[in-house]
2 protein chains.
Amino acid sequence: MSLIVQKYGGTSVGDPERIKNVAQRAARWHAAGHQLVVVVSAMSGETNRLTALAQEVAANPAARELDVVLSTGEQVTIGLLCMALHELGAGARSFTGGQVRILTDQTHGKARILSIGEDNLRHSLNAGQIAVVAGFQGVDEHGNITTLGRGGSDTTGVALAAALQADECQIYTDVDGVYTTDPRIVPEAKKLDAITFEEMLEMSSLGSKVLQIRSVEFASKYQVRLRVLSSLSTEEDMLPHAGTLITADQTDEGSAMEQPIISGIAFNRNEAKLTVQGVPDRPGVASQILSAVAAANIDVDMIIQNVGHDGATDFSFTVNRSEYQQALALLQGLQARLGATGVSGDEHICKVSAVGVGMRSHPGVASKMFGALSDEGINIQMISTSEIKISVVINEKYLELAVRSLHQAFDLAQSDQPVA
Amino acid sequence: MSLIVQKYGGTSVGDPERIKNVAQRAARWHAAGHQLVVVVSAMSGETNRLTALAQEVAANPAARELDVVLSTGEQVTIGLLCMALHELGAGARSFTGGQVRILTDQTHGKARILSIGEDNLRHSLNAGQIAVVAGFQGVDEHGNITTLGRGGSDTTGVALAAALQADECQIYTDVDGVYTTDPRIVPEAKKLDAITFEEMLEMSSLGSKVLQIRSVEFASKYQVRLRVLSSLSTEEDMLPHAGTLITADQTDEGSAMEQPIISGIAFNRNEAKLTVQGVPDRPGVASQILSAVAAANIDVDMIIQNVGHDGATDFSFTVNRSEYQQALALLQGLQARLGATGVSGDEHICKVSAVGVGMRSHPGVASKMFGALSDEGINIQMISTSEIKISVVINEKYLELAVRSLHQAFDLAQSDQPVA
C-alpha cells in the first residue's frame, strides 16, 4: 500500500462533470489499495470571477480580505469532490488549508508554507477515507486565511507529499507529461519518461509551463517523487511509465546508459534585450544598473557582461517584453549618471535553450549547439550558460527554425539512445 | 458610544454596488462614534447557485460537505464588504464563523449555536475597526464548518448582540419595519414603531415574514433590543423611531396610554384543514392521530377539539396546503383503527389572526373580532386563541375582506390611539 498525493488543477475540476471524472480516478486509485490525498484548485474561471468582484468593490483591495474571498474557490471544489466521491461509495473528507493545518507566514497573496500538521490527515487516511485538501491556501499563526499565490496548488500538493512522506506526488494537468520541446513547433517531440529536478527547473523557467517552478524547487528540496500526468487519459495513469517522473537523479528510473545528454529544447519568445554601452569598467556599475531596474519592479532574466576594453564595457540583460519600454526609458534616464556612451535594445528577440544534466559530464555540447545554429545561418546575439543549460538569444524570426534544428541535432525524437 | 450589531441580508449585498451602499451606511454609523459589528449573508442567488452545483454532483450530498460549500457564500461577502469599507477610509476586518469563534453543535445544515467567543471581536472593536462577520455559519468543537440553516444570518446577528451585550441589533431588510398588516391588502396599513417579542413571534409564524422566528426567540431569551429597518432608505436609520423596535415590553418605548390592544392582523393563505369525525371521546385518541401525522413528517399548525357528545367528538387540525393530500390519505387509512365515523377536509381555507399583548388586559376583543366578521357575512369555521392572539379559519375567498374589516374594526390605521 502506497500513500499517493494527487493534485488536480482548475481545468480538471472545471465543472460538475469533470469533478465526477476526477472522483472516478481517485476512487480507482483508492480501490487499488492506496492511501490517497487529493489536492484541488478552484474550478477554472472561479478565481478570475472572484478577483473581478473584488475589483468592482475596491481599486486596490486589502491583501488580507482578497485572500478571504479567493480562498473560497478551492473550498467549493473540495466539498463538491467529496460529494462526488461519496456517490461512488468512497469514503472522503474535505479539509480547508486551516483544517489541515497548513501554517504559513503572513504574506497575504503569496504566503510561504511554514509547517504542515499531519494529524488530521493521518486520522482521515487511517479511517480509510480519501482526504480532499484545498490547494493554494493556508492560515497564519493567528488563524488569518492566506493564499500561496497563483499556481500555489502545485506547491500544496508537493508540501503535503513531503510532510506525509508520500510515495509519489502526482500532478494531473492537461498535457500527458514533459516533452523534449513544444510539439506545436516540432511534431516529433517526444514525451520524457523522466527528468531531473534541475532540468525541470530550467525547462519551467524557460517557458515550458507544465509545473510551477516553486513546487519543483520544493519537491527537489524535500526529495518528493513528482510525476506529471494527463487528467484526460483514463487508465494509463497506473502504468509504470505514465506521464513524466521528476526525480533527484534520472538514474533512479533507468540505467545510466540510457541517460540523454540533452533532455529538451526550451524557448521563450516573450523577452526583450537591453544593452548599456560603454559603461566604465569598474566595480559597482552592474549593481547600480540592476538596483535601479529592481526598484522599478522589473524582473530581469539573463544578465551578460563580457570583458571590457579601454576601461569600458557593455552591460546587457533581458526583461519580459511587456516591461521593455519602461526599462529602456529608465536606462536612458540613467545613462549620464552611469557615464555610459549609449543605451540600446531590441524587443524582437527570443531565447532558445538546450537543457540536460548530461552536459555536465559531456564536453562538446555547446559546440554542437552553436554549429547547428550556424548551419542554418542563425546569428547568435547573446550566450549564457549554467551547469545544465546553454541559452542563446537570437532574432525572434528564427525561433521555430532554431528549435527544430536543435531538436534534430541532439536526436531528441529518439531520446532513449545516448546522443554523444 | 454604543455597540451596535447590524445584519444585512442577501438582497442588501446582492451586487458590488449594493455592497458599497452597505459600506456607506456602516461607515456612517462608525463615524458617528458607535462600535460596530456587521453580519452579512451571501450575495442573493449565491446560495442557490452553490446548492445547484452540489446537486449536479450528488443527488443527496453529505451535510458536512454541503456546509463546506455553502459557507463560502458569506465568506465572499465579508471580504468584499471589508474592501468597500477600506475604500471609504474605515478600518474593518472580516471574520468567518470559525474565526469569531461561533461554536455550534454538529448538526450540519441546521446547527445550533453553543457559545460565542468574544475576544477576537473585542480586539478588533477596541482597535477601532468595524468587525464584519459571516452570518449563517459556525464551527463545531472539531473545527468542522457548520451552517445554521436558511435565515440563519438573523440568528447570528442576534447571538452576537447577546454575547457582546450590544445596545441594539439592527436587522436591515427590504421593508422598513413591521406593519399592522400586509399593505398590499390594506393600503392604510401602518408601520409599527414598536412591537413585543411575543407579538412578533405570533406575527412571524402567522405569515408576516420579516424576521426568522428563531432569531426572535433568541432575542427574546437573551433580552436583545432588536430593530427591523429598511436597507433602502438612507438617513432615516439614525432617527429614534426608525423601523420597528422589537422589545420585551412595548411600554419600554411609549407610555401605556398609547399601547394598542391589537398590534396587527396576520394571515396565512397556505393552509388546509382536516377533520376526523366521530372519534371515541376517550384518552389517547388525539395522541394516536397526531403521532401518525408526525411520523409522516407533516407539520401541524392549529389543533381544535371541542367537547364531545354521545361518547364521540370531532378532531380538527390544519396543515401546510402542500401536505394536505398526504395527510388526508393518512387519516382515511387510520379511520377504522380509530373507530371514527368519517374523515373530511378542505384546502380552500385561510387563517386570519388578530395579535396584540393588549388583549390580555382588555376583554371584548374576541367579541369585537367575531362581530366584525359577522357584519361582512363571513362564516367562521374554526377558532383558536392564545393569550395574545385570536385566530379564525374562514373560506379563503374572504381573506382580503376579513383582513380589511378587522384592520378597520381595530382602528389600526391610527394605531397611536387606544381602540377599546
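Two residues are in contact if their C-beta atoms, placed from the backbone, lie within 7 Å. I take helices (H or I, at least four residues) and strands (E, at least two) as DSSP runs, numbered from the N terminus.

Housekeeping: residues count from 1 along each chain as its sequence is written, while chains are lettered from A and ligands numbered from 1 in the order in which they are written. I keep in mind that this is a predicted model, where local features need pLDDT of at least 70 and side-chain atom pairs count only at pLDDT 80 or more, though totals for chains, interfaces and linings use all residues.

**Entry: the sheet in chain B**

I started with an open sheet of four strands in chain B, order 13-18-20-19, with antiparallel pairing (strands pair if DSSP finds at least two bridges between them). Strand 13 (264-268) and strand 19 (382-386) of chain B are the edges, each pairing on one side only. The twist comes out at an average of 20° from one strand to the next (axes are lines fitted to C-alpha atoms, for helices over the stretch in contact; angles run from 0 to 180 degrees between N-to-C directions).

Strand 20 covers residues 389-395, and five bridges tie the antiparallel pair together. I noted B:Ser384 facing B:Ser391 of strand 20 across that pairing.

Which helices lie across these strands? Helix 12 (residues 365-375) of chain B lies across strand 18 (349-355), strand 19 and strand 20 of chain B, at about 20° to strand 20. Helix 13 (residues 399-409) of chain B lies across strand 13, strand 18 and strand 20 of chain B, at about 10° to strand 18.

**Entry: where A meets B**

I get 29 residues of chain A in contact with 29 residues of chain B. On the chain A side, helix 1, helix 2 (46-57), helix 3 (63-70) and helix 4 each give at least two residues, and helix 4 of chain A has the largest share, eleven residues. That side splits into 18 nonpolar, seven polar and four charged (nonpolar: Ala, Val, Leu, Ile, Met, Phe, Trp, Tyr, Cys, Pro; charged: Asp, Glu, Lys, Arg; polar: the others, Gly among them).

Is helix 7 (residues 152-163) of chain A enclosed or open? Eleven of its twelve residues are buried, so it is largely enclosed by the rest of the structure. Among them are A:Asp154, A:Val158 and A:Leu160. After helix 7 of chain A comes A:Gln165, with a positive phi near 50°.

Last, I looked at B:Pro240, in the loop between strand 11 (226-230) and strand 12 (244-247) of chain B. B:Pro240 counts as exposed because it has 7 C-beta neighbours inside 10 Å. Its C-alpha is 9.5 Å from that of B:Asp193, 47 residues away in sequence.

Conventions: Buried ≥ 20, exposed ≤ 12 C-beta atoms within 10 Å, placed from the backbone.
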